[in-house]
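This report concerns strand pairing and the surroundings of selected residues. The sequence and the structure are shown below.

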Amino acid sequence: MELLLATNNQHKKHELSQILSGHKIITPDEIGIDFDCDETGTTFLANSLLKAETLFKLAGRPIIADDSGLCVDSLGGEPGIYSARYGSSGGPDLSSEDRNLYLLDKMKHLETTAERTAHFVCCMSLIIDEYRVYTVQESVDGSITFEPAGCGGFGYDPVFFLPRYGMTVAEIGEAEKNKISHRGRAASRLAKLIIGE
């Protein structure tokens, strides 16, 4: 199946193209659609569905959308749905590196791993047609490091530590990340739904 991804983020396209390797993933800009959705929802689910529904109205073809982010327990779930805009204070979005440093600075008073627990969350929506809409949400547990480590992945991967592996998401291999990550787990569930289509 050819799936139109509700973002022009090439990192997400690359990741999903590997996870959903039996399907073709394309982005709106590749087919000449100017897509920019104002994420006004208050949950990952609401924003994921909003992006999928908005693009479906524009394109009228199968859509896959995700809303994902990092939730840190000691920060009351921050940055949560604002993960991509965290620390920008209404100005231009920070780079991934600066966002990670901003997060680490906010947590510098937390000295133990037990105080630094966090979760990556991903909600994915799949619209096949107007009356066939699916959503799945997955998460992966870990903790926030005291400094970035690793050069793989993107976003918060260098500061998200996986106890099971003894390293950050940015330090594990791409294939392994796609199996165990929040986005990988959600996409795998969606893949099973697509088979039924």
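A residue is called buried under 20% relative accessible area, exposed over 50%, and partly exposed in between (1.4 Å probe, protein chains only). The model is predicted: local features need pLDDT of at least 70, side-chain atom pairs count only at pLDDT 80 or more, and totals for chains, interfaces and linings use all residues. Residues are numbered from 1 along each chain as its sequence is written, and side-chain values use heavy atoms, with hydrogens and water left out.

| Residue | Relative accessible area | Class |
|---|---|---|
| S21 | 60% | exposed |
| E138 | 11% | buried |

E138 belongs to strand β5; strands (E, at least two residues) and helices (H or I, at least four) are DSSP runs numbered from the N terminus. E138 counts as buried because its relative accessible area is 11%. Its side chain forms a polar contact of 2.4 Å with that of R189, the term denoting a pair of N or O atoms within 3.5 Å, where within protein one must be able to donate a hydrogen and the other to accept it, and residues adjacent in sequence count only if both atoms are side-chain atoms. Beyond neighbours within four places in sequence, the contacts of E138 (heavy atoms within 4.5 Å) include F120, H182 and R185.

Strands pair if DSSP finds at least two bridges between them. Strand β5 (residues 132-144) runs antiparallel to β4 (residues 117-129), with twelve bridges, and two residues separate them in a hairpin. Here C123 lies opposite Q137 of β5. Two bridges also connect β5 to the antiparallel β6 (residues 160-162), where F160 is the bridge partner of I144.

S21 lies in the loop between α1 (10-19) and β2 (24-26).
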